[in-house]
Amino acid sequence: MPHIRVLVGTRKGAFILTSDAARRDWQVSGPHFGGWEIFHIAGSPANPDRLYASQSSSWFGQVIQRSDDGGVTWNPVGNDFRYFGDPGMHLHYDGTSKPWEFKRVWHLEPSPTDPDTVYAGVEDAALFRSTDGGLTWQELPALREQQGAKWMPGAGGMCLHTILLDPENPARMYVAISAAGAFRSDDGGASWRSINRGLHSQYIPDPEAEVGHCVHRIAMHPARPNTLFMQKHWDVMRSDDAGDAWFEVSGNLPSDFGFAMAVHAHEPDTVYVVPIQSDSEHYPPEGKLRVYRSRAGGNAWDALTDGLPQEHCYVNVLRDAMAVDSLDPCGVYFGTTGGQVYVSSDAGDHWQAIVRDLPAVLSVSVQTLP
Amino acid sequence: MATVHVVLPYSLYTLARSGAEIELDIAGPITLAAVLGALEAAYPMLAGALRDRATGRRRPLVRFFACQDDQSNLSPDALLPEAVVTGREPLIIVGAIAGG
């Protein structure tokens, strides 16, 4: 019987939630790494018992943990993230330039085919790769050639937070950076191009600049990898040509500001977002926690509310805190800064809280296990 | 050879899977750099947690106390107090108070 493992990263540790395919009764394991910030945990598609976790602390820096038994036991692996060569300077909020400085790992993306290969998106923004199970890390420095000196941190930091690996074309990958934009490589990371045409951002001097857009999240359906969905600082966007051009699909959303985004496991045109009031009010419009689902690839959105608080709710849902399983019907999951993790086992029609009182949730990823 | 006692904060002794207080046998002058080098050799998972891997600089929110004094801003190559060298007093590593 298939079962589900939900990997939750929070401000004060990691939690692992497990259930059978019914997704009604859940077991909770944790906190793992109590007291540490867990920005992300991800499982290898090639070996689901191989997990990687990004553990960090403002006091004691970055640790990468690896599990080879599905999260029962963990061991620290390599945490030496050195930029290739002299990374130079990047812009800062105040208009000055600051030297590139490693701060933390925001996102881990294991290879779909090799459990020992995993990518790490870091702050200050750069992409690293390990091919030895996380023991050592090497930067893919060509990304910073995309006008890196002009990149500037968003409020959350200058982080590389999204890594998408094209399942049909192993040489193609996408990354997104706050606040630089989206980038694509067609040669395994040896070279990159910015893919920000069609984005319009009024909070930068040139609203249609080649770089500088605050992309919050990109999502892809594995069966249609040329179609990308983007939650930008403001605006929900779509591209049907691998990011060469974007068009807006915000449609009837109550706010097109937000962070999290996911695509249905079996319906490439069904996409989920969680609208947030504004860039200065990081909570749901009207105090109602609503997931919005479009079955048309954007523009036409329906509010999904059954089981979600519809009054006095002022939590946020962060960019890496939404995911889907691959059961049928598709399960959808998200975590909040209020410590709730919600599941819908029917593609969003009905929701229940798996847990309600965790520390602020930073990330949610899901494994569908045989 | 001197035996130096080091007290680690919760976050680090759980990461290292050691006790809160550990003993390190160190040859040569007992400096902060020597103690941290011995600590990282014995517990490689602590490399980078206390000082920058590339520059060797103390992480900003890490403090070193010994003999009721803050040793954090000592030169890494300065000798630690005699009581630490002889093992009568520990070198205490703490996470700085930060936040509300």
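In this predicted model, A:Q147 sits in the loop that runs between strand 13 (138-139) and strand 14 of chain A. What makes the backbone here worth a look is phi: for A:Q147 the angle is near 60°, a positive value in a residue other than glycine.

Two other loops of chain A carry a cis peptide bond. One such bond joins A:E123 and A:D124, with omega at about -5°. A:D124 belongs to the loop between strand 11 (118-123) and strand 12 (126-130) of chain A. The other cis bond links A:S178 to A:A179, and here omega is about 0°. As for A:A179, this residue is placed in the loop between strand 15 (173-178) and strand 16 (181-185) of chain A.

Another loop, the one between strand 25 (302-304) and strand 26 of chain A, holds A:Y314. Once neighbours within four places in sequence are set aside, the contacts of A:Y314 are A:Y283, A:P284, A:E286 and A:G287.

Turning to charged pairs, the search over all chains comes up with 26 salt bridges in the whole structure. One of them is in chain A, where the side chains of A:D244 and A:R193 meet at 3.3 Å, N to O. This pair ties together distant parts of the chain, 51 residues apart. A:D244 lies in the loop between strand 20 (236-239) and strand 21 (247-248) of chain A, while A:R193 is part of strand 17 (residues 193-194) of chain A.

Next comes the meeting of the two chains. The contact draws 18 residues from chain B and 16 residues from chain A. Together the two chains bury about 1,300 Å², and 54% of that is on carbon and sulfur atoms. On the chain B side, B:L15, B:R17 and B:R53 stand out, supplying 36% of the area that chain B buries against chain A, more than any other three residues.

B:R53 turns up again in the salt bridge count. Across the interface the rule finds one salt bridge, and A:D80 and B:R53 form a salt bridge with their closest N and O atoms 3.9 Å apart. Polar contacts between chain B and chain A come to seven residue pairs, counted with both residues at pLDDT 80 or more. Helix 1 (residues 10-16) of chain B gives the largest share of the side that touches chain A, at four residues. By class, that side of chain B splits into twelve nonpolar, three polar and three charged residues.

Finally, there is the largest pocket, which holds about 1,100 Å³ of space. Its lining takes in 40 residues, and those lying nearest the centre are A:P45, A:E109, A:M220, A:V324 and A:V366. Several strands of chain A each supply at least two residues of the lining: strand 4 (37-43), strand 10 (104-110), strand 14 (159-165), strand 18 (215-221), strand 22 (257-263), strand 26 (322-324) and strand 30 (361-369). Strand 30 of chain A provides the largest share, six residues. In terms of residue class, the lining of this pocket has 24 nonpolar, twelve polar and four charged residues.

Definitions and conventions. Residues numbered from 1 in each chain as written. Chains lettered and ligands numbered in written order. Predicted model: local features only at pLDDT ≥ 70, side-chain atom pairs only at ≥ 80, totals over all residues. Heavy atoms only, no water. Contact = heavy atoms within 4.5 Å. Buried area = accessible area lost by both parts, 1.4 Å probe. Salt bridge = Lys/Arg side-chain N within 4 Å of Asp/Glu carboxyl O. Polar contact = N/O pair within 3.5 Å; in protein donor to acceptor, adjacent residues only side chain to side chain. Nonpolar A, V, L, I, M, F, W, Y, C, P; charged D, E, K, R; others polar. 1 Å grid on protein atoms, 1.4 Å probe; cavity = no way out; pocket = protein on both sides within 12 Å on 5 of 7 lines; lining within 4 Å. Points joined across faces, edges and corners; volume = space filled by probe spheres on them.
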